[in-house]
Amino acid sequence: MESSLPDGSLVIRNVRLPFSEKEQAMQKWTVECNGGRVSKISPSSEDDTRSTIILETELSEGPTSSLIDGKGGLMLPSLCHSHIHLDKCFILDRCGDLIKGDFAEAMHVTKIAKSEFPKRLEDLYARGARIIRESVVHGVTAMRAHVEIDTSVRFACLEVAQKLQNDYRAQCDVQIAIFAQEPLFDSVDDQMPGENFNLLKEASLYNGVSVVGSAPYVEPSIEQAKKNINLIFDIADAQRVNLVDFHLDYNLDPNSEPLIYEVIAQANRRNTSKRRCPRITIGHATRLQLFSAEQWRGLADAISDLPITFVGLPQSDMYMQGRAFTGEPLGAPRGTLRVPYVAQHYGIEIAMSVNNVDNAFTPQGSLDPLSLCAFGVGIFQAATPEDIRTLARSVTLTSKRAIGQNEVPLDLAPCVGDAADFVILHERETLQSAVLNPCFERTTIKAGRAVAYRRSVRWFST
């Protein structure tokens, strides 16, 4: 059936919206979208006799109707991967058995696997496409996709990402972040960066690149780590790239110097009347878990109005960090940023993201950002109404803000004028139930157009 409305125009009936006020949250609403934005929000009428096309009747060819019946399900802002590696997921089967499971081993076996990427471009594309397609079905409509640039893969991952970005532009905004996972300096004695830096500079000239990033903690020395940060800012300045991303302070060592202060110092130096510093995203930052209350307050003051957002990566952080404590009575600590606690006590909103799945850095987990919320309830011991909203925001609005999206809505419940990017959770009626136990059946809407849905088939014996 062809839509009778122009593309980006849609009527979504009988959905619940995540209002803070309980009476509003339990009511069913109709959300009208035009030109890819919300144009009207009104209570759904029980005696509304307008024809509604149910998505289940469109299973063979996908939904093309301009009307969707949410059947009382909860509608949230669409989900966002604020930090995911487009090239490194789904490679655990080529990494061999994990013996130690630590970061050094993950770097080693992944480097071996990466050396085959340029020789297996179809596989590189297929794995990237799988990430995008599975993510969209979960409800993701935007992602920051890190692709590695170094002497082993050169531009292979980037060029495949460009094709994926174009091929899936209607379903997902794939933001390409060129990323140096390997050191920019070849040895501890080097004063100048090596070939990895030259390749990263060259990659910044490619079409479709909007983010440049690195992992300063892999450098041979702390001094080179600080130079790494400076070099990334230099590339951003030279190419007028407005987004930078540092995978930073990935340790639980109280004797290590937190590099977040170096990022802040360099950002302040570059924040002038002629040019604002780029928007900065900080991934991992597990070292901050060791901060005292006074240090957290000092960090919040130091950040002030700088455009800095942290992204916690709980699946990876909890798997990788704290291995030195294995023999202790309680084992490894909770080595990932405490999203609700930090927001409530220090006013710092933290996004959460998947990072990796099915590789040596993160062997476990799915691509569903909502699964991080349920995981977070346990590891953060956070299930109050305020906690629930903070967790939901972390994989939706805060994540979109972290990747520099424009016009991010202020609240989980939509307003007129918001982008019509949503996920309908058909088996959940409240935000609490969606966060505590995410459901399977979902419909994903991007720019006022249904782009994916999934339904389950159930059978029970009699």
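This is a predicted model: local features need pLDDT of at least 70, side-chain atom pairs count only at pLDDT 80 or more; totals for chains, interfaces and linings use all residues.
What is the volume of the largest pocket? The largest pocket holds about 410 Å³.

**Stop 1: the largest pocket**

Select F19, K22, T430, L431 and Q432. Of the 17 residues that line the largest pocket, these lie nearest its centre. Next, colour three helices: α1 (22–26), α12 (385–394) and α14 (431–436). Each of them supplies at least two residues of this lining. By class, the lining of the largest pocket has 10 nonpolar, four polar and three charged residues.

**Stop 2: the second largest pocket**

Strands to show here are β7 and β8 (173–180), the elements that give two or more residues to the lining. The lining of the second largest pocket divides into 12 nonpolar, six polar and eight charged residues.

**Stop 3: the cavities**

Now look inside the protein. A search of the whole structure finds three cavities of 30 Å³ or more. For the largest cavity, select Q181, H284, N355, N356 and F361, which lie nearest its centre among 13 lining residues. This cavity has a volume of about 80 Å³. Its lining is made up of five nonpolar, seven polar and one charged residues.

For the second largest cavity, select L86, D87, L124, V147, C157, V160, A161 and L164, the residues that line it. The volume here is about 40 Å³. Which helix gives the most to this lining? It is α4 (residues 156–167), with four residues. By class, the second largest cavity is lined by seven nonpolar, no polar and one charged residues.

**Stop 4: the nonpolar cores**

Select F246, I280, I282 and F310. They belong to the largest nonpolar core, which has 112 residues, and they touch the most other members. Helix α6 (residues 222–239) provides the largest share of this core, seven residues.

Keep I280 selected and show what surrounds it. With neighbours within four places in sequence left aside, I280 is in contact with F233, V244, F246, V263, A267, P307, I308 and T309. For a second, separate core, select F19, A25, A420 and I424, which are among its 18 residues. F19 was also selected at the first stop, as one of the residues nearest the centre of the largest pocket.

**Stop 5: the aromatic pairs**

How many aromatic pairs does a search of the whole structure find? There are 11. To see one of them, select F155 and Y206. Their rings form a tilted pair, 5.3 Å centre to centre, with 35 degrees between the planes. F155 lies in the loop between β7 (140–148) and α4, and Y206 in the loop between α5 (195–203) and β9 (209–214), so the pair ties together parts that are 51 residues apart in sequence.

Is F155 buried or exposed? F155 has 10% relative accessibility and therefore counts as buried, under the 20% cut-off. Y206, at 22% relative accessibility, counts as partly exposed.

Finish with Y261, F291, W296, Y341 and Y346. Ring pairs link these residues into a cluster.

Conventions. Residues are numbered from 1 along each chain as its sequence is written. Side-chain values use heavy atoms; hydrogens and water are left out. On a 1 Å grid over the protein atoms alone, a cavity is a set of points where a 1.4 Å probe fits but cannot get out, and a pocket is an open set with protein on both sides within 12 Å along at least five of seven lines; lining residues have an atom within 4 Å of a point. Grid points are joined across faces, edges and corners, and a volume is the space filled by probe spheres set on the points. Ala, Val, Leu, Ile, Met, Phe, Trp, Tyr, Cys and Pro count as nonpolar, Asp, Glu, Lys and Arg as charged, and the others, Gly among them, as polar. A nonpolar core is a set of buried Ala, Val, Leu, Ile, Met, Phe, Trp, Tyr and Cys residues joined through side-chain atoms within 4.5 Å. Buried means under 20% relative accessible area, exposed over 50%, partly exposed in between (1.4 Å probe, protein chains only). Contact means heavy atoms within 4.5 Å. Rings of Phe, Tyr and Trp (its six-membered ring) pair if their centres lie within 6.5 Å; planes under 30 degrees apart count as stacked, over 60 as edge-to-face and the rest as tilted.
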